[in-house]
Number of protein chains: 2
Amino acid sequence: MSYSNLDLINQCDAFPYYHTSPDLYAASISTYYELRVLNHDYGIGYLLPSVASVFRGIANWDLDDETRTLTLTAGNNADERSEAVATTLFALKQTGHFKVLDKWRNERYAVFGKEKELLFAVERSAAPLLGVVMYGVHMTAYVREEDGAIKIWTPRRAKTKQTYGGMLDQSVAGGIAVGEDPFESLVRESAEEASLPEDLVRRTAQAVGTVTYFHIRTEKAGGETGLLQPEVEYVWDIELPKDVVPKPGDDEVEEFYLWSIDEVQEALRKGEFKPNCALVLLDFLIRHGILTQGNEKDYIEIVSRLHRKLEFPTL
Amino acid sequence: MSYSNLDLINQCDAFPYYHTSPDLYAASISTYYELRVLNHDYGIGYLLPSVASVFRGIANWDLDDETRTLTLTAGNNADERSEAVATTLFALKQTGHFKVLDKWRNERYAVFGKEKELLFAVERSAAPLLGVVMYGVHMTAYVREEDGAIKIWTPRRAKTKQTYGGMLDQSVAGGIAVGEDPFESLVRESAEEASLPEDLVRRTAQAVGTVTYFHIRTEKAGGETGLLQPEVEYVWDIELPKDVVPKPGDDEVEEFYLWSIDEVQEALRKGEFKPNCALVLLDFLIRHGILTQGNEKDYIEIVSRLHRKLEFPTL
């Protein structure tokens with residue numbers, strides 16, 4: 001199996017587009033239930049019908065099969081809503097309704113409204129059940145050789161990791177906890193995952209934009225299939241001095257390789273990267289003039305797809 | 001009047017989005033006529049009703065008010081279609097139907113189909129009448145000071161220029177003629193507009209992606225208002241040595257300023273840049289870590305909007 005760059009995009013940004021696949025889009029929209037919070041007249045996520053139906057009759061939730069909406073009715077502020085969400089999700093974890101909740105992390109992610117206000121926080125492992133937008137940080141660490149060629153620090157995930165074990169990863173990547181500043185999240189992950197010196201990251205990491213996509217999760221046996229995961233990744237580049245060598249700082253990373261662009265592209269073609277990390281790498285290759293309109297026939301589509309305008313409000 | 005960065009985006013990428021403004025989107029779609037070519041079951045542009053109606057009864061065109069489509073029925077290949085399009089548009093120029101055709105340029109732009117095949121070529125000044133996707137090249141030339149600070153070479157358009165006279169422009173920008181390679185187009189424009197040495201551009205211009213948007217033209221008195229211009233701009237950066245000074249190579253540019261980031265951002269806020277050039281500059285500021293999530297509250301939306309996935313097929 002060899003993946004084109006567009007294949008890699010399609011694999012990660014898999015939710016249909018209204019314009020290019022109107023029938024498929026309409027079918028998806030009429031399948032999923034829309035998540036709302038009381039007194040807010042817009043959706044903030046999509047749930048599978050099998051997930052939505054579990055909320056039927058649970059206190060603080062209103063399931064409407066006519067409008068295909070699930071509304072969180074509890075609370076007048078973020079704290080109260082977060083409390084209600086946590087109570088329900090913890091109960092669902094206890095009852096064993098959803099396989100994804102076995103990976104309970106005790107980390108909370110933020111869900112934002114149209115005014116960029118915090119609506120509520122949600123346990124990380126449960127976010128895909130609700131289909132809400134998740135936020136992360138990704139940084140590509142690279143070295144520039146004397147001849148100008150770029151090499152990229154590429155970690156392999158520990159085989160024991162809950163998700164995507166053994167696959168290749170971004171130099172640094174992680175999720176943003178509720179209330180955490182994205183850049184502070186990056187500094188923390190850089191230390192935890194790659195043992196990068198904090199002052200070096202603060203001085204030289206360069207913000208370069210965001211990568212956004214609408215992922216459909218493909219769970220293994222026993223889990224729900226079709227959970228949705230719209231995501232915003234804040235992206236940085238960092239050019240490392242040759243004497244700074246990333247090292248696994250916890251047991252989540254097995255080892256780091258310093259790979260040439262050819263080696264990275266070969267691994268991309270083989271599908272060895274975690275899907276969203278492949279997208280951040282494609283963005284890197286485009287911004288650094290390695291993928292161009294001259295060598296990538298799907299250049300225009302790829303650039304747009306890397307920056308999808310999500311259906312739901314974002315920060 | 002002071003423009004936020006999101007204001008600058010809204011000004012250029014003005015066609016409504018299906019998800020964020022469903023009513024406005026539906027109203028627009030039900031106003032415009034869709035352009036098609038025979039035996040191709042998809043749209044390639046939108047026309048104003050007042051424009052579409054002029055094609056009624058003209059040979060080689062079929063106007064259908066039921067489906068609100070205008071179909072080019074002539075030709076079995078790009079050459080034949082181009083010929084038919086040229087004949088009609090030249091006649092419309094002669095009859096003085098459309099003000100935009102007074103700016104006839106004798107340059108032809110390409111219109112592509114879903115398989116990235118050339119469907120036909122169209123006179124540049126007429127492209128917005130048909131609402132088809134146009135392609136251009138934009139390059140930001142900058143200088144890096146000893147302290148690392150960036151200065152940007154910023155030209156002012158000649159006051160006599162047909163469009164946006166006297167406004168600020170990209171260091172280098174221009175349209176891509178049918179059959180022309182984008183990079184060759186850039187090299188040509190770099191010489192014509194900024195007198196940049198060809199070998200320097202070939203060696204050091206760095207491809208950095210595309211900027212895409214769906215513009216609604218605001219013509220002055222006498223012209224059609226609401227003409228559509230979906231556009232793809234291929235984007236390059238070039239870091240110039242200090243002794244290379246861009247000079248106007250034709251009478252389209254008045255002069256070049258070497259401006260600090262503060263000066264560029266001040267001019268952006270004042271709305272002094274040609275609207276699509278403002279977008280390419282915002283993309284530059286984002287990729288160079290000057291606009292970040294820490295200082296731009298609409299960061300996520302801006303990055304997505306700079307890379308709109310257009311409704312029509314693109315190259």
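1. N39(B) sits in the loop between β1 (33–37) and β2 (45–47) of chain B; strands here are DSSP runs (E, at least two residues), as helices are (H or I, at least four), numbered from the N terminus. Phi of N39(B) is near 65°, a positive value in a residue other than glycine. With a relative accessible area of 71%, N39(B) is exposed (exposed means over 50%, buried under 20% and partly exposed in between, with a 1.4 Å probe and protein chains only).

2. A word on the conventions: this is a predicted model, where local features need pLDDT of at least 70, side-chain atom pairs count only at pLDDT 80 or more, and totals for chains, interfaces and linings use all residues. Residues are numbered from 1 along each chain as its sequence is written, chains are lettered from A and ligands numbered from 1 in the order in which they are written, and side-chain values use heavy atoms, leaving out hydrogens and water.

3. R68(B) also deserves a look: its phi is near 50°, a positive value in a residue other than glycine. You will find R68(B) in the loop between β3 (61–64) and β4 (69–72) of chain B. Its relative accessibility is 27%, so R68(B) counts as partly exposed.

4. Over in chain A, S190(A) belongs to helix α6 (residues 182–194). S190(A) counts as buried because its relative accessibility is 0%. Neighbours within four places in sequence aside, S190(A) is in contact (heavy atoms within 4.5 Å) with M139(A), V172(A), S195(A), L196(A) and V201(A).

5. Helix α1 (residues 5–12) of chain A has N5(A), L6(A), L8(A), I9(A) and C12(A) as its buried residues. They span an arc of only 155° around the axis, so they lie on the same side of α1(A); the arc is that of the directions from the helix axis to the C-beta atoms. The buried residues of α1(A) pack against β10 (206–216), α8, α9 and α10 (299–305) of chain A.

6. The contact between α8(A) and α9(A) is made by I261(A), V264(A), Q265(A) and L268(A) of α8(A) and by A278(A), L281(A), L282(A) and L285(A) of α9(A).
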